[in-house]
Amino acid sequence: MNVKSKILIVDDKPENLVALRTVLKDLDVELVEATSGNDALKATLRHEFALALLDIQMPEMDGYELASILREEEKTAHLPFIFISAVYTDNLNIFKGYEKGAFSFITKPFQPEILINKVKFFIDKHQQGIALIELNKDLENKNKELEFINKELESFSYSVSHDLKAPLRAINGYSGILKEDYNAELDDNGKLMLSKIIENTLKMSGLIDCILNFSRLGRKGVTKVCINMNALVAKISEGFKTELLNEKLTWNIRELLPANGNIELLTQVYLNLISNAIKYSAKKNKPEIEIGCQPEGERVTYYIKDNGAGFDMRYKDKLFGVFQRLHEYDEFEGIGIGLATVQRIVAQHDGLVWAEGEIDKGATFYFSLPS
C-alpha cells in the first residue's frame, strides 16, 4: 500500500500557508499546517513527517528555536527541514540556518519550481527509506520462516533417519541370524542372495546417512579461520597412501596458498575430490593425481587433476547434482552425492566449483575461494 508522505509547513501568516499549499498541490503528499512553533511541536507528536518547511520570523518561537528543539527530540532528530524566509536572507542568517541543521534555505520570493524540486527530492528519499524498511521487515519475516522451516526439517530428518533405518536394522538383523543359524542349510545360490541382502541393506543405510548429512550442510553456520592448505592436503593424502598401499599411484602435490574457511568442511571437499580422483584413475596402468592452486586476483583457485576415466563435457552440468552419475555403478562405485556436497560447501564459502574433462584422458576439478 502506497502511504502518502507527510510534510509539515510552519508559518504564522495564513496567507503564506495558502501560498505553499498552492505551490505543492500537485504533489502526492499530505500537508499538515501549523501557525506557531508550539503547534508544530504538537503536530510532530501525532504524525511521522518526511519533511518540514519552516518560516524563520515567527512570534514566541522563531524558526531557529523550533529547529533546535526538533533536533533534540529523538523522533525528529533526523527530520529534514527547509528554511523559507523573506527577511533573514543575508549570508550570516543563511549560515545560521544550516548550523541549526537545515538541509536547504530558500529566500522569498522564490520560483515555485525550485521549491517543488527540492520537496520532490526529499519525498523520493523518504519513500526509498520506507521501501527499505519494508524490505528489511520482509527479510526479517522470511528469516523467521526459514528458521521455522529448518527446525521442521531437522525434526523431519530425525524421523526419516529413525523410520527408514528401523526396518533396515530388522532386515540386517534377521539376515545375520539366518546366516549364522541356517548357513549350512543354504546352497551356494542361497548364500549369494543372503550376502546381497546384507550388502544392500548396509548400502541403503549408508545412503540414508549421506542424504541426512547433505541436508544438514545448508543449516550449519560456517566458522572461518586461516587454513594451512599444505598441511591439510598432506594429512589427507598420507591417509589415502596408508589405506590404499597403491605403489602405482603417483602423487604430485604442489605448493598451496592458505585459505580462509572452515577446516572441517574444506577437509570434506578435499576428501571427496581426492577419493574421486583415486577411484576414477584406478584402472590406469600409471595413475597420477596432481593437486595445486593458482591465484586469480582476489580469489585462489584450487584444483585436483587425474588421468583417469574423465567425462563427456556435454554433461558437465549434471556432475554436481544429487544422485547424478556419468558412469554406471558396476564401473565405479558411488551414490552420486559427493560432488553435490562439494558444491554446497564451496557455496557456503562464497566460492565457485567447476570441472573440465575428456573421456579416457582424465578430469580436473576446480574450486575457487576468496583470498
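Residues are numbered from 1 along each chain as its sequence is written. In this predicted model, local features need pLDDT of at least 70 and side-chain atom pairs count only at pLDDT 80 or more, while totals for chains, interfaces and linings use all residues.

**Exercise 1. State how many helices and strands the chain has, and what share of its residues is buried.**

Step 1. Helices (H or I, at least four residues) and strands (E, at least two) are DSSP runs, numbered from the N terminus. The chain has nine helices and 12 strands.

Step 2. Buried means under 20% relative accessible area, exposed over 50%, and partly exposed in between (1.4 Å probe, protein chains only). Of the 371 residues in the chain, 37% are buried.

**Exercise 2. Describe the sheet that contains S1 and S2.**

Step 1. Two strands pair if DSSP finds at least two bridges between them. This open sheet of five strands runs in the order S2-S1-S3-S4-S5, with parallel pairing.

Step 2. S2 and strand S5 (104-107) are the edge strands, each pairing on one side only.

Step 3. S1 and S2 are joined in the parallel sense by six bridges. Val29 in S2 is the bridge partner of Ser5.

Step 4. Helix H1 (residues 14-23) packs on the sheet and touches S1, S2 and strand S4 (81-85). Contact means heavy atoms within 4.5 Å.

**Exercise 3. Sort residues of helix H2 into buried and exposed, and find what covers the buried ones.**

Step 1. H2 spans residues 37-46, and its buried residues are Gly37, Ala40, Leu41, Ala43 and Thr44. They lie on the same side of H2, because they cover an arc of only 155° around the axis. The arc is that of the directions from the helix axis to the C-beta atoms.

Step 2. An α-helix has 3.6 residues a turn, so residues three or four places apart point the same way.

Step 3. Leu45 and Arg46, on the other side of H2, are exposed.

Step 4. The cover over the buried residues includes strand S1 (5-10), strand S2 (29-34) and helix H3 (63-72).

**Exercise 4. Give the strand order of the sheet with mixed pairing, and identify its edges.**

Step 1. The order in this open sheet of five strands is S7-S9-S10-S12-S11.

Step 2. Strand S7 (250-253) and strand S11 (352-358) stand at the edges with a single partner strand each, so one side of each has no neighbour in the sheet.

Step 3. Strand S10 (residues 299-306) pairs with strand S12 (residues 362-370) in the antiparallel sense over eight bridges. Asp306 stands opposite Ala363 in S12.

Key: Heavy atoms only, no water. Axes fitted to C-alpha atoms, helices over the stretch in contact; angles between N-to-C directions.
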